[in-house]
Amino acid sequence: MRDKYHIYLTSEERRAVINSLIDLRNDLISRGKYTDIIDELIIKFTKAKIKIKEV
């Protein structure tokens, strides 16, 4: 059984993670490697629910 993990990121942190994944994907493409897992992570991050937490 797969464990589920939840991470809570601010909008800036979320943007940084997505940009880092895109940079990693571009690097893997330039080296001729597979990007399947990175593509799945990018999709999961972009489709993830966004909760606005009141302070």
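Helix 1 gives the most to the lining of the largest pocket, with four residues, where helices are DSSP runs of H or I of at least four residues, numbered from the N terminus. The model is predicted, so local features need pLDDT of at least 70 and side-chain atom pairs pLDDT 80 or more, while totals for chains, interfaces and linings use all residues. Residues are numbered from 1 along each chain, and side-chain values use heavy atoms, without hydrogens and water.

In the lining of this pocket there are 21 residues, and Tyr 5, His 6, Ile 7, Ala 48 and Lys 49 lie nearest its centre. Two or more lining residues come from each of helix 1 (11-30) and helix 2 (36-47).

The two helices also meet each other: their axes, which are lines fitted to C-alpha atoms over the stretch in contact, come within 10 Å and cross at roughly 160°. Helix 1 and helix 2 are therefore roughly antiparallel, a term for angles over 145 degrees.

How values were computed:
1 Å grid on protein atoms, 1.4 Å probe; cavity = no way out; pocket = protein on both sides within 12 Å on 5 of 7 lines; lining within 4 Å. Axes fitted to C-alpha atoms, helices over the stretch in contact; angles between N-to-C directions. Parallel < 35°, antiparallel > 145°, perpendicular 65-115°, else oblique.
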